[in-house]
Amino acid sequence: MTLRKAVLLGASIAAAGLAFASAAQAQNEQFIPGLIYRTGAYAPNGIPFANGVADYYALVNERDGGINGVKILYEECDTGYATDRGVECYERLKNKGPTGAAYVNPLSTGITFALTEKAPIDKIPVISMGYGRSESRDGSVFQWNFPLLGTYWSAADIIMQHIALKEGGFDKLKGKKIVLVYHDSPYGKEPIALLEQRAKMHGFTFTPMPVTHPGVEQKATWLQIRQNRPDYVLLWGWGVMNSTSIKEAAAVGFPRDKMFGVWWSGAEPDVRPAEGGAKGYHSAMLQHGAGQFGVHADLKKFLYDKGKGSAKWDEVGEVLYNRGLVNAMLGVESIRKAQTKFGKKPLTGEQVRWGIENLELSAARLKELGFDGMLQPLKVTCQDHEGTRAGRVQQWDGAKWVVVSDWYQSDDKVLKPMVDAAAKKYADEKKLPVRDCSKES
Amino acid sequence: MLYREAGQFKTTYVADQQIFPILQDRLFVLAVIVAAFLAVPMFASPYIYTEILIPFLILSMAAIGLNILVGYCGQVSLGTGGFMAVGAYAAYNLWLRVPELNNLIVVFLFGGVMAAAVGILFGIPSLRIKGFYLAVATLASQFFLDWLFARVKWLTNYTPSGSVAVGKLEVFGWHVDTPADRYLLILGLVVVATLVAKNLVRGHIGRSWMAIRDMDIAAEIIGFRPLRTKLTAFAVSSFFIGVAGAMWAFLRLGAWEPLAFDINRSFQILFMVIIGGLGSLIGSFLGAAFIVLMPILLNQLPGWFGVRMSTALLSHLEFMVFGAMIVFFLIVEPHGLARLWAVAKEKLRLWPFPH
């Protein structure tokens, strides 16, 4: 036993020495892992997002020489949207770089669920921008989760508000039939709770219809829709499922302008394969849409003119590419915020977590970053890890996405009690301590 | 020279009937077990535990379970993922609803027993249908169980997304939180399970399975009851698979959705059994190692040699090389990796002076 202890001690001293040596050796670098997918059924949507993320980190390194002089070290790992491979990627990357991973973007609701369990142990925050579990916006229970910019409950609420506005008020929804065609995974099931709640409040009938992974077989679902004749169809798909749904809707003659996708079902790869069939299709927007803004000029100047970009120039400015940029920018700004407290050096996940929780982006700051027109100001707090709940609706006109609505805010009178109840249930089930947010600075 | 049994005389039946009649085999297996329990915890990093050893061990156990059914009893099954899900969700519900029994051993055994019950239920058709037709019937069980856990909300405790999570795991007061603890617990269970499986397949129960496998009519004529024999095989097999499913959910994933046990899982484990070797316990381990570790290895290999390539190319290469390797192994040795292992042992016997 003593021998074993001695060996263990020796090994740990050696390991500590090694870690120290490599930390001293490494330059001033902040490591960020990228869980992405460029292969598999979800690659058409995964690739532009991954390109956007990679380009923004490269831009920060090229243009500013890193974050206040701390270079970003970015490494991708292909998860193929599979939860077990995603967890393997996370475990592989979490300790790289001088201080380990700053944060992790799982880019899959399933992987987010798995990493939610690991984050408090590894002390690495999970940024699930526009996805993940909806109740995780409650920072008092989900200390390490940040579903920035909006959860699925927000998305579903924004779509319902838009439909209600078209119909002339929520009271006009009484007796209407609304169907949700969803990817049969945690991702697709997330909005059901909110839609059921809304159905109860306003007296419309709500029918969820699952589509199994990867979603290329939907004939039966759409046959049912043709028989039921719902007033609206909401679409919660990803990858090939989206374009298949739109094609099937065209095939059964369901009016596309009565179809509303979530913000993950509203990008170019979703509508282009359906060609003319997608015209009129709506989707929610995770604030930003397609198009080129201030930041894109910098991308051209510092990356694409030098041949360093990861996409083709005419793909820069597509919806998911822009989402990759936004995702990377929020991470970089969180690190910048954390540096104001912990110093301009590589930071640990725990320090970056403070940065995300205190992230505040004003309209002026967004303009400086070149993101005005894409995002609205946001402020993350201990109680609210979402930061903002704004969104718009866009429509595909056959060639490009057109914004067709004003800004909506998801209704916190409906969402807040649901979030509180779900977060409390989670905390009780797992016997977790709950932070008192009023005591946080 | 090293591996020779000359001079090892067996003077009793007990000595002749032990699991490893050759001294070198006994020492080797003992050394492996001791190394796994003592040496590995000194060197392994969390990554090695959580991504290499834990998945390998758990899926080995599932492969042993399936091997009992397919390899020893000859009943093809495509419902492995579903039976793993039964184990996982039964364990979850016991853990959640009866906090007094928050002991992983009890929880896992319950998962196994429930899986065995479901396995018997879905094994009943095997009395009438055989071969490929049985495979299709078990495929139905896979889809039914997938559907059950996705739709019956009570089983997932009414979580909005259908994803459930566990935490605060303990065994007789021992908190299994760190990867090392989890590894030791899984290793212990797998060692016990393998010992049980080995003794089952070399005893009269295993022999009755093999009789049914080799020719069911002949087996019936010499006195084995097909009903009992086939259903015990289904029960034992599903029990192992159920415990493996519960371990996969509790100790590997921590949070999971029915998708973790979909049809791909069934195929994955069936491939382990086929590539490892039908009707061989060592084959179950070799097959699991091949299927679990090879993709991860292929994905990281270029990086270790300093070759930089795009993530997409790396993933595509992984698929291609892995597929080619499966084809290669099945051509070179259709009886699986276990057969290669046996051939290696034969050769070692004659080494260094082959005829």
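Me: Domain bounds are taken from an automatic or database domain assignment. What distance, taken over C-alpha atoms, separates the centres of domain 1 of chain A and domain 2 of chain A?

Reply: This is a predicted model, in which local features need pLDDT of at least 70 and side-chain atom pairs count only at pLDDT 80 or more, while totals for chains, interfaces and linings use all residues. Residues are numbered from 1 along each chain as its sequence is written, and chains are lettered from A and ligands numbered from 1 in the order in which they are written. The assignment divides chain A into domain 1 (28-151 + 290-390 + 420-439) and domain 2 (153-288 + 393-416). Taken over C-alpha atoms, the centres of these two domains of chain A are separated by 26 Å.

Me: Which element gives the most to the side of domain 1 of chain A that touches domain 2 of chain A?

Reply: The contact (C-beta atoms, placed from the backbone, within 7 Å) takes 26 residues from domain 1 of chain A and 26 residues from domain 2 of chain A. At least two residues of the domain 1 side are supplied by each of H2, helix H4 (109-122) and H12 of chain A; helices (H or I, at least four residues) and strands (E, at least two) are DSSP runs numbered from the N terminus. With five residues, the element that gives the most to this side is H12(A).

Me: How are H12(A) and H13(A) oriented to each other?

Reply: Two packed helices are described by the angle between their axes and the distance between the axes. Here helix H12 (residues 319-342) of chain A and helix H13 (residues 349-357) of chain A have axes 7 Å apart, at an angle of about 110 degrees; axes are lines fitted to C-alpha atoms, for helices over the stretch in contact, and angles run from 0 to 180 degrees between N-to-C directions. Angles under 35 degrees count as roughly parallel, over 145 as roughly antiparallel, 65 to 115 as roughly perpendicular and the rest as oblique. H12(A) and H13(A) are therefore roughly perpendicular.

Me: In which hand does H12(A) pass H13(A)?

Reply: A crossing is left-handed if the near helix is turned anticlockwise from the far one by less than a right angle, and right-handed if clockwise. The crossing of H12(A) and H13(A) is right-handed.

Me: How many charged residues does the contact of H2(A) with H11(A) have?

Reply: Helix H2 (residues 43-64) of chain A and helix H11 (residues 294-302) of chain A cross at roughly 70 degrees, their axes coming within 10 Å, which makes H2(A) roughly perpendicular to H11(A). The crossing of H2(A) and H11(A) is left-handed. In the contact, A:Asp55, A:Leu59, A:Glu62 and A:Arg63 of H2(A) meet A:Asp298, A:Leu299 and A:Phe302 of H11(A). By class (Ala, Val, Leu, Ile, Met, Phe, Trp, Tyr, Cys and Pro nonpolar; Asp, Glu, Lys and Arg charged; the others, Gly among them, polar), the contact of H2(A) with H11(A) has three nonpolar residues, no polar ones and, as charged residues, four.

Me: Which element provides the largest share of the side of chain B that touches chain A?

Reply: Between the chains, 24 residues of chain B are in contact with 30 residues of chain A. Two or more residues of the chain B side come from each of helix H3 (46-72) and helix H13 (311-332) of chain B. The largest share of that side, five residues, is from H13(B).

Me: Is A:Phe371 buried or exposed?

Reply: A:Phe371 lies in the loop between helix H14 (363-369) and strand S11 (378-379) of chain A. Apart from neighbours within four places in sequence, A:Phe371 is in contact with A:Phe293, A:Val295, A:Val326, A:Met329 and A:Leu366. A residue is buried if 20 or more other C-beta atoms lie within 10 Å of its own, exposed if 12 or fewer, and partly exposed in between, with C-beta atoms placed from the backbone. Because A:Phe371 has 23 C-beta neighbours inside 10 Å, this residue counts as buried.

Me: Is A:Arg229 buried or exposed?

Reply: A:Arg229 is in the loop between H8 and strand S7 (232-236) of chain A. Phi of A:Arg229 is positive, near 50 degrees, in a residue other than glycine. Since A:Arg229 has 9 C-beta neighbours inside 10 Å, this residue counts as exposed.

Me: What is omega for the cis peptide bond that joins A:His213 and A:Pro214?

Reply: A:Pro214 belongs to the loop between strand S6 (205-211) and helix H8 (219-228) of chain A. For the cis bond joining A:His213 and A:Pro214, omega is about -5 degrees.

Conventions. Two residues are in contact if their C-beta atoms, placed from the backbone, lie within 7 Å.
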